[in-house]
Amino acid sequence: MLALTRASRTCCAVPSAIIQKSYAAALPRTKPNPDEFVTPPVAEAAEPSSSKQLTGNGKKVNLVVERMSIDEWAHMKPGGLIKDYLQLSKSRLTMLITTTAVGGYMMGSGAFNLSTFAACAVGTALMSSSANACNHLLEAPYDAQMKRTQARVLVVHRFTPLNAFTFANVTALGGMALLWTGCNPLTAALGLLNVGLYAGVYTPMKRHHVGCTWAGAVVGAIPPLMGYTAITGTLDPASFVLAAVLYSWQFPHFNGLSWNLRADYSRAGYRVMCVTDEDLCRRTTLRHSIALLGLCSIAAPLCNLTTSTFAWDSLPLNAAMLYLSYKFYRQPDAKSSRALFRFSLLYLPLVMVLMVISNCGR
């Protein structure tokens, strides 16, 4: 009432109360105290608004209260800390990266050892979590401008930057120590290199040069090398063919994903192919789909990474990838890019499984 009295001294009319809608889905909403709002009587429920006359110091003030539904407000419920840390580490991406490292381990020539296998898987997951936490730190101001990322934990202040920085360092040191002691120094060095490339090269490069996609493809190709070296302790031509499969897969996968997000990427200032050069985006997608066919049907058997049966078993998958990439190349739109992206998510685990199956008899 004090605030209302002061307002009545300075103006003769109070404008309609405006209920702001939340344009950022990431921002938490709290349920207001109903006592803080002037609600009209039930008899006036059919009217869009109610008008009351209040007096203060002899002056009449017309107060118009707009209708609002208390049910539209939601309680701000504190999420679990573990859930927030999983989001900080991009748990789904980390799981995918760990899976490729496990696939690399299964493709290496050597006796299976449970402790080495576990150290490789957990160490890779920790290194990936560190890299993704660094990505959150560096891109928080730009994530707030994109609909796809405006719900991330640093954007909505679930964590402080110091908290995220500490998490990134602890997971990096823990992952490197585990890979060093449980596997070998070469695997640990590859893990550290991958964190450096992702956080120090790929992430800042996204806002400066279209080559960021190639840098990101290198980052995605290293985890299977880590799995391969964890069991063999060395790098050979077969391991580089395995890495090349992951490298080429990145282009139809990321280009299919990013095509429908061009507005978001452009708003945040990211210089990815779909924003700066759409023709290049289409060409590289088709080019690397052809490369996948050659790598799986020719290079992998020749380098003794797989048996010749893999060349035939993987042919339907590569034919489907090539077909969808060609459709995207000829007519890039929301439908063709979405179909390509979804198939790329299915393609990678199936190809890795076929590789492992072809090696089971050896």
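Student: Why is Asp143 called buried?

Tutor: Asp143 has a relative accessible area of 1%, and buried means under 20%, with exposed over 50% and partly exposed in between (1.4 Å probe, protein chains only). Asp143 is therefore buried. Before we go on: this is a predicted model, in which local features need pLDDT of at least 70 and side-chain atom pairs count only at pLDDT 80 or more, while totals for chains, interfaces and linings use all residues. Residues are numbered from 1 along each chain as its sequence is written, and side-chain values use heavy atoms, without hydrogens and water.

Student: Where is Asp143 found, and what is Asp143 in contact with?

Tutor: Asp143 is found in helix H4, residues 114-143. Helices here are DSSP runs of H or I with at least four residues, strands are runs of E with at least two, and both are numbered from the N terminus. Contact means heavy atoms within 4.5 Å. Leaving aside neighbours within four places in sequence, Asp143 is in contact with Thr149, Gln150, Arg152, Val155 and Tyr270.

Student: What makes Asn135 buried?

Tutor: Its relative accessible area is 1%, so by the under 20% rule Asn135 is buried. Asn135 lies in helix H4 too. Beyond its neighbours within four places in sequence, the contacts of Asn135 are Lys90, Arg152, Tyr198 and Thr203.

Student: Does Lys90 count as buried or exposed, and why?

Tutor: Lys90 has 16% relative accessibility, so Lys90 counts as buried. Lys90 lies in the loop between helix H2 (81-88) and helix H3 (91-107). The phi of Lys90 is positive, about 50°, although Lys90 is not a glycine.

Student: And His157, buried or exposed?

Tutor: At 69% relative accessibility, His157 counts as exposed, because the cut-off for that word is over 50%. His157 sits in the loop between H4 and helix H5 (161-182). Its phi is near 65°, a positive value in a residue other than glycine.

Student: What about H3?

Tutor: Its 17 residues should span 24 Å, and the end C-alpha atoms are 24 Å apart, so the two agree. Among the buried residues of H3 are Thr94, Thr98, Ala101 and Tyr105. The buried residues of H3 pack against H4, helix H7 (212-232), H8 and helix H14 (334-359).

Student: What makes a space a pocket, and which residues lie nearest the centre of the largest pocket?

Tutor: On a 1 Å grid over the protein atoms alone, a pocket is an open set of points with protein on both sides within 12 Å along at least five of seven lines, and lining residues have an atom within 4 Å of a point. The largest pocket is lined by 47 residues, and Lys90, Leu93, Arg148, Tyr198 and Leu257 lie nearest its centre. The largest share of that lining, nine residues, comes from H4.

Student: How many helices and strands does the protein have, and how much of the protein is buried?

Tutor: The protein has 14 helices and three strands. Buried residues make up 43% of its 362 residues.

Note on methods:
The expected span of a helix is 1.5 Å times one less than its number of residues. On a 1 Å grid over the protein atoms alone, a cavity is a set of points where a 1.4 Å probe fits but cannot get out, and a pocket is an open set with protein on both sides within 12 Å along at least five of seven lines; lining residues have an atom within 4 Å of a point.
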